[in-house]
Amino acid sequence: MKDRNFLDTVMEFEQQLEVMQEQFSTLKQFVAHMMEEHQSLQTENLHLRKRLEEVLSTQPEAEAQSGEQVSAVDIGEGYDNLARLYHEGFHVCHVHFGGSRKGEDCLFCLSFLNKQNG
Ligand SMILES: [Zn+2]
């Protein structure tokens with residue numbers, strides 16, 4: 001009887017190991033996914049920082065000027081910046097603003113850019 005109990009215990013232990021292995025595998029997949037996500041966010045963040053610096057450096061006097069100076073030219077520049085950002089692969093729509101388009105066109109972005117242009 002003691003041997004029988006021992007065998008049961010060993011088999012139970014084996015089952016627990018299998019379950020743990022499955023859980024570990026799931027955990028590994030999760031970590032891999034998170035690392036991928038982290039990498040993509042870092043790239044996106046770096047890109048947005050660069051774009052922000054560019055935008056700020058091309059408009060050094062914008063804030064110093066009075067609010068009445070806003071003209072069609074300013075709106076045109078804003079549109080160009082957004083259109084460029086879109087073509088560089090990022091969302092400019094309010095739904096996903098700043099997020100990567102992952103190579104896919106976005107109807108929200110396109111409709112937004114059309115409205116700005118027209
Ligand atoms: Zn979009």
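Q: Which residues are the protein donors of the zinc ion?
A: They are His91 (ND1), Cys93 (SG), Cys106 (SG) and Cys109 (SG), lying 2.1 to 2.4 Å from the zinc ion. Donors here are N, O and S atoms within 2.8 Å of the metal (3.2 Å for Na, K and Ca), and water is not among the atoms, so sites may look incomplete. Keep in mind that this is a predicted model: local features need pLDDT of at least 70, side-chain atom pairs count only at pLDDT 80 or more, and totals for chains, interfaces and linings use all residues. Residues are numbered from 1 along each chain as its sequence is written, and side-chain values use heavy atoms, with hydrogens and water left out.

Q: How are the donor residues spaced in sequence?
A: The spacing is H-x1-C-x12-C-x2-C. Within that set, His91 and Cys106 are 15 residues apart and link distant parts of the chain; both sit in the loop between helix H2 (72-87) and helix H3 (107-117). Helices (H or I, at least four residues) are DSSP runs, numbered from the N terminus.

Q: Is His91 buried or exposed?
A: His91 counts as buried because its relative accessibility is 9%. Buried means under 20% relative accessible area, exposed over 50%, and partly exposed in between (1.4 Å probe, protein chains only). Cys106 is buried too, at 6%.

Q: What does His91 touch?
A: Leaving out residues up to four places away in sequence, His91 touches His96, Phe97, Gly98, Gly99, Ser100, Arg101, Cys106 and Cys109. A contact means heavy atoms within 4.5 Å.

Q: OK, Lys102. What's up with its phi?
A: Lys102 has a positive phi of about 55 degrees, although it is not a glycine. Most residues other than glycine have a negative phi. Lys102 lies in the loop between H2 and H3 and is exposed, with a relative accessible area of 70%.

Q: Switching topic: which residues make the nonpolar surface patch?
A: Phe24, Leu27, Phe30, Val31, Met34 and Met35 make it, and it covers about 630 Å². Phe30 is in helix H1 (residues 2-58) and is partly exposed at 48%.

Q: And how many helices and strands are there?
A: The protein has 3 helices and 0 strands, in the pattern α-α-α along the sequence.

Q: How much of the protein counts as buried?
A: Of its 118 residues, 16% count as buried.

Methods. Helix = DSSP H or I, 4+ residues; strand = E, 2+ residues; numbered from the N terminus. Patch = residues over 30% accessible without salt bridge, like charges linked within 9 Å, V, L, I, M, F, W, Y side chains within 5 Å. Areas by Shrake-Rupley, 256 points an atom, 1.4 Å probe, with all protein chains shown as cover. Salt bridge = Lys/Arg side-chain N within 4 Å of Asp/Glu carboxyl O.
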